[in-house]
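Here's a walk through one protein model, taken a region at a time.

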Amino acid sequence: MVSRYSPRRQAVNGPHMKPARARILDAAAELMATIGLARATTKEIARAAGCSEAALYKYFAGKEDLFLHVLDERLPRLGPLLGELAKRPADGGAGGAGGARSVEENLIEVVRQAALFYEATFAIAASLFAEPALLRRHAEGVRALGAGPHIPLRSLAAYLRNERDAGRIRPDADPDAAATLLLGACQQRAFLRSFPDGEPVAPVEEFAPTLVRAALLGLAPGT
């Protein structure tokens, strides 16, 4: 009998087999995106990766831990990018929040990564909301690991707060509201992209600068 995951099995069993951890992450990313997070059990992920469920638990504490590693290592790098920006002082120089880049350039990259990230994770997240009990368990597990959907908002707001303190955006700007507007627009774009036969959505390379320039009308310091 040919498995529905036969293309992956061919890669797993081929002459250039990846390390087990990489195979597990690849399988988890694929299954979470295709059959949903609710149905992608650790047993199913291990089977698709060509290893035992016990082997999976050598690398990951559970499905929530595996899910977070998939987000961090197999999807557009929104989390790492925001973490880097939020931690650096906004002096505008080589060691600033975005190195030598302007606020506009930093935000365009954030929006570009966020749009791609939310588009890639929309199906994963949607499957959870169909099962409230599972959603609660997943939320509790992710929260226990110090993660959750609020982290990108906090990180982007922290970056904007640094830029405000450095005088590169308006002193009366609201970093939390601006972060919500930018990331909320990216999530809306992901919803529209996922809706069958919906309205056309601008390519990300057009969407990102357009959105950021609109936001900067309210953030830019006065001349």
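Is Cys186 buried or exposed? Cys186 counts as buried, because its relative accessibility is 0% and the cut-off for buried is under 20%.

## What kind of model this is

Before going further, keep in mind that this is a predicted model. The average pLDDT for the protein is 84, and 87% of the residues score at least 70. Where pLDDT is low, the predicted coordinates should not be read in detail.

## Overall layout

The protein has 223 residues, and 43% of them are buried. Its secondary structure comes to 11 helices and one strand.

## The nonpolar core

The largest nonpolar core holds 61 residues. Within this core, Met32, Ile45, Leu66, Leu107 and Leu156 touch the most other members. Helix 7, residues 103-129, is the top contributor to this core, giving 10 residues.

Setting aside neighbours within four places in sequence, Leu107 is in contact with Leu156, Tyr159, Leu160, Leu182, Val212, Leu216 and Leu219. One of these partners, Leu156, is also on the list of residues that touch the most other core members.

Thr121 is buried, since its relative accessible area is 10% and buried means under 20%. The side chain of Thr121 reaches back to the backbone oxygen of Phe117 at 2.9 Å. Beyond its sequence neighbours, Thr121 touches Leu71 and Leu75.

Ser127 counts as buried too, with 16% relative accessibility. Leaving out residues up to four places away, Ser127 touches Gly36, Leu37 and Ala38. Ser127 and Leu37 are 90 residues apart along the chain, yet their C-alpha atoms are separated by 6.1 Å.

Asp26 sits in helix 2, residues 20-34. What is the side chain of Asp26 joined to by a polar contact of 2.7 Å? The partner is the side chain of Arg74. Asp26 itself counts as buried, at 15% relative accessibility.

Over in helix 6, residues 78-87, you'll find Leu81. Leu81 is buried, with a relative accessible area of 3%. Its contacts, not counting residues up to four places away in sequence, are Arg101, Glu109, Val110 and Gln113. From Leu81 to Ser155 is 74 residues in sequence, and 9.4 Å in space from C-alpha to C-alpha.

Helix 10 spans residues 175-194 and includes Gly184. Gly184 is partly exposed, because its relative accessible area of 27% falls between the 20% and 50% cut-offs. Gly184 and Ala115 are 69 residues apart along the chain, with their C-alpha atoms separated by 9.7 Å.

For aromatic pairs, the count comes to four. Phe191 and Phe195 make up a tilted pair, 5.8 Å centre to centre with 45° between the planes. Phe122 joins in as well: ring pairs link Phe122, Phe191 and Phe195 into a cluster. Phe191 is partly exposed, with a relative accessible area of 36%.

How many disulfides does a search of the whole structure find? The search turns up zero. As for individual cysteines, Cys51 is buried at a relative accessible area of 17%, and Cys186, where we started, is buried at 0%.

Methods: Residues numbered from 1 in each chain as written. Predicted model: local features only at pLDDT ≥ 70, side-chain atom pairs only at ≥ 80, totals over all residues. Heavy atoms only, no water. Core = buried A, V, L, I, M, F, W, Y, C linked by side-chain atoms within 4.5 Å. Buried < 20%, exposed > 50% of the residue type's maximum accessible area, 1.4 Å probe, protein only. Helix = DSSP H or I, 4+ residues; strand = E, 2+ residues; numbered from the N terminus. Contact = heavy atoms within 4.5 Å. Disulfide = S-S within 2.5 Å. Polar contact = N/O pair within 3.5 Å; in protein donor to acceptor, adjacent residues only side chain to side chain. pLDDT = per-residue confidence, 0-100. Phe/Tyr/Trp six-rings, centres within 6.5 Å; stacked < 30°, edge-to-face > 60°.
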